Amino acid sequence: MDPYIDTQQEELQRAAIEFARGALGGSRVQADREERFDREGWRACAAFGVLGMVIPREYGGLDLGLTSLLAVMEGLGYATRDQGLLFSLNAHLWTNSIPLLLHGTEEQRRRYLPRLTDGSLIGANGASEPDAGSDIFAMRTRATRDGDHYVLNGTKTFVTNGPVADLVVAYATVNPKLGATGITAFVVERGTPGMTVSRCLDKMGLRTSPMAELIFEDCRIPAANRLGREGRGVQVFECSMEWERGCILATCLGVMRRQLETCVAHARSRTQFGKPIGKFQAVANRIVDMKVRLDTCRPLVYRIGRLKDASRPAMQEAAIAKLYVSECFVKSSLDAVQVFGGYGYMTEQEIERDLRDAVGSTIYSGTSDIQRNIVAASLGL
Amino acid sequence: MSVADTIRQFILSRYLPGESPENLQDDTPLRSSGILDSLATLGLITFLEEEYRITIEAHETDVDNFDRIADIEAFVERKRAAQQEA
C-alpha cells in the first residue's frame, strides 16, 4: 500500500500508466532529435482528463483534487519517455489554468478554462526576459494604459509552449519605477496583432517541449484581459510559481522509479568479471542511493497535494520540494547512466536523455539557488 | 492601536522577527534602506487594504508614499478620509 495516496488514487495512477504505455508509448529518440511536439499525445492526455483534474466541474473539469493529479503525473512520468510533453502539460496547468481559476474574473474563467481543460487551447507563460530571469521583477516589458486597452511592448524569453500556444499569460509593468507593485498580468490570445514568435529556442533537454522567444510590439490587449488588478501581477505570478514548484516534479518521481527498476534489472542481468554487476558494492551502492532519493522525494511532493487540497499555502514547502527533488533527479539520472556504462551513454537506450531532461529541473520555475532564497526568507533570514 | 503602531507591528512580525521595536521608528527609511523590498512592500500594501478596507492603486505605491511609517500612516489616513467622503 502506498503511504502517500489512497486506493482510489492508486487506481488512477495505474490507469495513467496503462494509458501512457498505449497513447504515449514507444521510443522518443527521433522526436527528441527533431524537437517534435506530440500534439496527438497532448489531445490524448486532455481526453484522459489530465488537464481537468484540479478544475471544478462548472468549468469543464473533474474536480478530483491535486493529490489525484500528482498521482497521475507520477504514473505518466513512469510510463512514457516523452518528458517534454509532460513538461508542456505542467507549464499549461500551473501558469494558465490555475492562475485563471484563482485570479480570473468569472467571465475569464468561463471563456478560457473549458478550452484549457479539454486541451483545445494550449497555454504558455510570458514572464522571463533576456535581462530578467531570477530577478524576474526587474522585467522591462511595458504595459501602457490607452482607454479600455493596454499596449504591451517588450520581449519575453524561455516561453515554454511558445511556438504552439493559443494563450499566453504575460507579465508587464505599468511603471518600472514601482518595482513589483507595478507588475500586471494579462491574458493574450494567439493572433493578437503585435504578438509574434520571434524565434524558437533549441534546448539541451525536454526537447519535445517547444520553447520560444515572444515579442510584443504595440500589442493592444483589452483591459478585460487583465488578470487580477493592475499592479498585482506579482500575486498572480507567485500563485502560479507556488503551484508549479510544488507539482511540476511529480512526473520526475515516475521517471526516478522507472530508472530505479531499470537499473536493478540491468544490475542483476549484466555480468562482468564473472558475476552480475549488482554484486559489486560500487554498483549496488549507487542503486541504493537512487532508492533513498526516490523514497525521500515522494513525501515532499505529496505534501503539496495535501496542503493544496486543504486550501492551505505551501510557498516554503513548494520551494523545498522543488529544490530537493530536482537535485535528486539530476543525481539519479547520472547514476542511471553510470550503471549502464557505455550503453547508458548511447542515445538509442533513452537513458542519457533523462539526464539531459533532469538538468532543466534545477533551473526552470526558479533555480535551486532561488529556492534556497525562498526557504531562507521563510525562516526570517 | 494607531495606524503607525499597526504598521510597525506588521513589519516587525512579518519581515523583522526578533528585531527591537525601538529600531523601527516612524522616520526609519524602509524601502531605501532595504528593510522592505518590493515584494515585502506588496505584502504590506495587501495588509493595509484588508486592515483598513481601502483600495491602493499601483501608481500610489511609489517610494513617496511608502518609505517611512509616518508617510505610510499619512497616506492611509488620506485614503480613509477620501473613502469616507465618497
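Q: What share of the 381 residues in chain A is buried?
A: In this predicted model, buried residues account for 55% of the 381 residues of chain A.

Q: And how many helices and strands does chain A have?
A: Chain A has 13 helices and 10 strands.

Q: What is the radius of gyration of chain A, and what would a compact globule have?
A: Chain A has a radius of gyration of 21 Å, and a compact globule with 381 residues would have one near 21 Å, so the two agree. The C-alpha trace of chain A spans about 80 × 45 × 40 Å along its principal axes.

Q: What about its contacts between residues at least 6 apart in sequence?
A: Of those contacts in chain A, 74% join residues at least 24 apart.

Q: Which residues of the largest nonpolar core touch the most other members?
A: That core has 130 residues, and those touching the most other members are A:Leu70, A:Val72, A:Leu152, A:Phe186, A:Leu249, A:Val301 and A:Val325. Helix H10 of chain A, residues 315–340, gives the most to this core, with 13 residues. In soluble globular proteins, nonpolar side chains tend to be buried together.

Q: Take A:Leu249. What is it in contact with, leaving aside neighbours within four places in sequence?
A: A:Leu249 is then in contact with A:Val301, A:Ala321, A:Lys322, A:Val325, A:Ser326, A:Phe329 and A:Ser361.

Q: Now for helix H1 of chain A: how many residues, and what does it reach from first C-alpha to last?
A: Helix H1 covers residues 7–23, which is 17 residues, and reaches 24 Å, close to the 24 Å expected at 1.5 Å a residue.

Q: Which residues of H1(A) are buried?
A: The buried residues of H1(A) are A:Gln9, A:Leu12, A:Gln13, A:Ala16, A:Phe19 and A:Ala20. Seen down the helix axis, they fall within an arc of 125 degrees, so they line one face of H1(A).

Q: Why would residues three or four places apart point the same way?
A: An α-helix has 3.6 residues a turn, so residues at that spacing point the same way.

Q: What is on the other side of H1(A), and what covers the buried residues?
A: On the other side, A:Thr7, A:Arg14, A:Glu18 and A:Gly22 are exposed. The cover over the buried residues of H1(A) includes helix H3 (39–48) and helix H4 (66–79) of chain A.

Q: What about A:Ser365, and where is it?
A: A:Ser365 also is not a glycine, and its phi is positive, near 60 degrees. A:Ser365 lies in the loop between helix H12 (352–361) and helix H13 (368–378) of chain A.

Q: Is A:Ser365 buried or exposed?
A: A:Ser365 counts as buried, with 28 C-beta neighbours inside 10 Å.

Q: On to chain B: which pattern does it follow along the sequence?
A: Chain B follows the pattern α-α-α. Its radius of gyration is 12 Å, close to the 12 Å that the globule rule gives for 86 residues, so chain B is as compact as a globular protein of that length. Of its 86 residues, 23% count as buried.

Note on methods
Residues are numbered from 1 along each chain as its sequence is written. Chains are lettered from A and ligands numbered from 1 in the order in which they are written. This is a predicted model: local features need pLDDT of at least 70, side-chain atom pairs count only at pLDDT 80 or more; totals for chains, interfaces and linings use all residues. Helices (H or I, at least four residues) and strands (E, at least two) are DSSP runs, numbered from the N terminus. The radius of gyration is taken over C-alpha atoms; the globule rule is 2.2 Å times the number of residues to the power 0.38. A residue is buried if 20 or more other C-beta atoms lie within 10 Å of its own, exposed if 12 or fewer, and partly exposed in between; C-beta atoms are placed from the backbone. A nonpolar core is a set of buried Ala, Val, Leu, Ile, Met, Phe, Trp, Tyr and Cys residues joined through C-beta atoms within 7 Å. Two residues are in contact if their C-beta atoms, placed from the backbone, lie within 7 Å. The expected span of a helix is 1.5 Å times one less than its number of residues. The arc is that of the directions from the helix axis to the C-beta atoms.
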